[in-house]
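Please read the following report with the structure open beside it. The headings take up one topic at a time.

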Amino acid sequence: MAISAAHAQTTYTPTQVAVGAGTVTPIAHWHIQDSAKTQQPGAEISAPGYATEGWYPASGKATVMAGLLENGTYKNDVFYSDNLRAVQVPDSSGTLFVTPWWYRTQFMLPKATTGGHTLLRANGMIASADVWVNGHLVADHGEVAGAYPVRELDVTRWVHTGDNVLAMQVHPADPRASLSIGWVDWNPTPPDNNMGPWRGVDIVQTGPVELSFPQVVSTLSLPDLAHAALDVKVTARNLDTVAHDAAIDGTVAGVSIKQTVHLAPGQTQVVSFSPKTTPALALDHPKIWWPVGMGEHPLYQLELTAAVDGATSDRALATFGIRSVSSNLTKQGYRQFFINGKPLLIRGGGWAPDMFLRDDPARMDAEFSYVLNLGLNAIRSEGKLENQRFYDLADRSGILILAGWECCDKWESAAKTGGAPWSAADMKVAEDSMASEARLLRNHPSVIGFLIGSDNAPPPAIAKMYFDTLRAADWPLPIISAAVPKGTAEVGPSGLKMDGPYDWIPPSYWYADKLGGAFGFDSEVSAGADIPRLEDVQRMLSPQEQEALWKYPEARQFHASADWSTFAVLTPFDKALAARYGAPTSLADYVAKAQLDNYDNVRAQFEAFNAHMDAAKPATGVIYWMLNNAWPSLHWHLYDYYMNPAGAYFGAKKANELVHIQYSYDSNGIVLVNHGLDDVHGLQANIRVRKLDGSVLYEKRLPNIDLTGNHTRQLATLPTIADLSATYFIELDLTASDGKPISRNVYWLSTRQDKLDWAKSNWYLTPSTQYADLTALKTLPAAISEIKATTRHEGNEDVTTVTLSVPDASRTVALFQHVSIRRGAQGDLALPIRWNDNDVTLWPGESIVLTARYAAQGTAAPVVEVNGWNVPTQSVPAGTSQGTDH
């Protein structure tokens, strides 16, 4: 696994800088090399003609490790087993990732226009960089430091028409010592600590007056939403040594705006437009932006141009939505968010980018499609804050974003007892980071707040600095002190709780009135281990690790916690799995039982918060820890790194249906949930309680049900039922007045209750003293499942429809049937994929229609593969139906 000295040499065409004032051209590629192997000075390396033989070609937003992976530097997959450990050993020179790395590129400038300026915009640097242009040092690493500050350098005096060279000496990162990016226990620490220009570098062409930081703040009339007032601001900066008059004009939401300003040499001025000066900025009947499930997500445009002496000098663009965001504290002191005056239950997951911060737009698109498919309405970013594209996708998708700083490294060191105090330079980087993130986020209707702390609230001086910086940036949204129940003088209590668990607890835990139970706003919480499907376990773990996973509960797993933290072992999960479902007999058996458990537990977590959203002690928000993984993991995800939906995914998807029927562990009640704003009428519900053999002991049909929008309804309470088998089922069906299925939900339960030892709770776990007995599920005989499947083409997607039926002749229930699609009989799984439902349970005489959407690819006919708890694996072709085309 040592770094290779030999690699292919790639020659790139220099980046062609776009012609014209107001253009932004991202650097498309670099050549990178360890400074220990390239010891010439920056003046020489940044000079034209310098030979980069032996350097590594890398993408424009690549960290050092990302660049090395692009070059196939390592023989073995660094995501497999513990191969990554070897990368952390320095190479033969003893300097890998310890010394600075050089990033060098060439760019072609068009013929300069009179009064034109060329700016270099670094969009974040881990950890810092000395910047050279054509042999000249234009900024040192004290000026260009920090993962988040956007730094603009006017390099006009050092560049010329034609070929130019930019070289950056990027200094090593350490999240304990610099305000960069750290990973705590999410995954292993990247060997390079993510050093590099992770958000990229741009070449900006402008005239004498630059426009920047366009902003639109909308004030919406409540509750009628009939009027909105728009306040528009943009910063104009005179880059010249002589004064200029700049005519600034454009449109916002179709309204024309115009203003001329006089700028002294080097002067910066904020130019404002409001209904007071431009009455048309008071809009009647605006298009309102809503979160997903509550309405549409329309967006408006702001377009501005600055002209000097009749010539275009610069342009500024922004997209925004018109909506109102506010929050208050409940009687119990928990934060409740309101969108356009309507309260809503925040249901989200914690975001993880790729471990090496690799920029993959197609993957990000797919991940947002999963968030929508899961029925979630929010994402929390605890550090690892994303680029513009992430927030654009959130805006278009209606996904709410709670952004904030991360825990447990330099960002919170000053908040901890004994933590290293921040220097004046640290304070400056933090202030610039806050200002840059505020300007990036504030126009996005998806963003609903910023957490200035995570596991700790900032100490007073830092909290005040963050608050003042946000206010100076006209931040219009809630500022939250931390993800824990702590406050600061400026913003008051956080209204959030972080009381665990992070490790296994039973489904009934979520209904408790203590710790991580479903009340208030839980900022990060889950039952810990989320085991991927068998094919993913086999491609991430070595044979020895696979054996340890099911045989040895005390064994440490690198893919659970590489730093051997509390979470390096899956002991609580494994112990519960064996007690509740029976000791695993093989890896496949372990994974199958884990899917049942993950589905059951994740569903219960979200459903408990659903059930209590209208309670006297209301649930106002829950963030599943986590949404996704930065690398293949056995912990904390609703979908794994390979994007192969498993039990946790479909449990969350089931619970987060827009209109949903569910069972409550605390009350033995049946509850209806409506997350939409519209009332629903004429619903029909069917409740069955079944013994293990499928016989129905209790059945109740409820017609003509009305369900108010954005509310729950207690529909029924199950009575005490005699002769229940030790393991039994609850089957719930909800249909529309015309019989169209709306929600179907099946529970497997035990007459033996899970019991918790609350007195021995700690920050990550409440131990169990008794487990539910579901071992009788092992005795279910094999079930018969019949499959019919067809595929049609819709645009760039294939849509496969699968009908699963259990004939009357089947001896038993077909429990937890999982449907996959392969590209051909022996082909790869079709991933990413979006199902309307999966992991379904059917009794004899029942059937269900499932649909899947995935990217059309290749000519191999899709093959549907079905397996289940007691259903033998079957495969059928899913041929293309007639009358469709690509």
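## Strand 34 and its neighbours

Strand 33 (residues 659-664) pairs with strand 34 in the antiparallel sense, over six bridges. One position to look up in this predicted model is Gln-662, whose bridge partner in strand 34 is Val-671. The hairpin of strand 33 and strand 34 has four residues between the strands, and in this hairpin Asn-668 takes a positive phi near 60 degrees.

Strand 34 also pairs with strand 37 (residues 711-717), again in the antiparallel sense and over six bridges. Is strand 34 (residues 669-674) mostly covered or mostly open? Strand 34 is mostly covered, with six of its six residues buried. Gly-669, Val-671 and Val-673 point one way from the strand, while Ile-670, Leu-672 and Asn-674 point the other way, and all are buried.

Elsewhere, three strands form an open sheet with antiparallel pairing, in the order 21-22-23. Strand 21 (325-329) and strand 23 (342-343) are the edge strands, since each pairs on one side only.

Strand 22 (residues 335-339) runs antiparallel to strand 23, and two bridges join them. Phe-338 has Pro-343 of strand 23 as its bridge partner.

## The disulfide

How many disulfides does a search of the whole structure find? The search finds one disulfide. This disulfide joins Cys-407 to Cys-408, with a distance of 2.2 Å from S to S. The angle about the S-S bond is -90 degrees, and the link of Cys-407 and Cys-408 is left-handed.

The two cysteines fall into separate classes of accessibility. Cys-407 has a relative accessible area of 6% and is therefore buried, as the value is under 20%. Cys-408 is at 32% relative accessibility, so it counts as partly exposed.

## Salt bridges

The count of salt bridges comes to 44. One of them is formed by Asp-82 and Arg-85, whose closest N and O atoms are 3.6 Å apart. Asp-82 is partly exposed, with a relative accessible area of 32%. Arg-85 is also partly exposed, with a relative accessible area of 32%.

Another salt bridge is formed by Arg-580 and Asp-754, with the closest N and O atoms 2.9 Å apart. Which parts of the chain does the pair of Arg-580 and Asp-754 tie together? Arg-580 lies in helix 11 (residues 571-581), and Asp-754 lies in the loop between strand 39 (741-750) and strand 40 (755-756), so the pair ties together parts that are 174 residues apart in sequence. Arg-580 and Asp-754 are both buried.

## One more pair and a network

Asp-757 forms a salt bridge with Lys-760, and the closest N and O atoms of this pair are 3.9 Å apart. Is Asp-757 buried or exposed? Asp-757 has a relative accessible area of 19%, and because buried means under 20%, Asp-757 is buried. Lys-760 is at 59% relative accessibility, so it counts as exposed.

Some salt bridges share partners. Such bridges join Arg-688, Arg-690, Glu-699, Arg-701, Glu-731, Asp-733, Arg-744 and Glu-846 into one network.

Technical notes: Residues numbered from 1 in each chain as written. Predicted model: local features only at pLDDT ≥ 70, side-chain atom pairs only at ≥ 80, totals over all residues. Heavy atoms only, no water. Pairing = 2+ DSSP bridges. Disulfide = S-S within 2.5 Å. Buried < 20%, exposed > 50% of the residue type's maximum accessible area, 1.4 Å probe, protein only. Salt bridge = Lys/Arg side-chain N within 4 Å of Asp/Glu carboxyl O.
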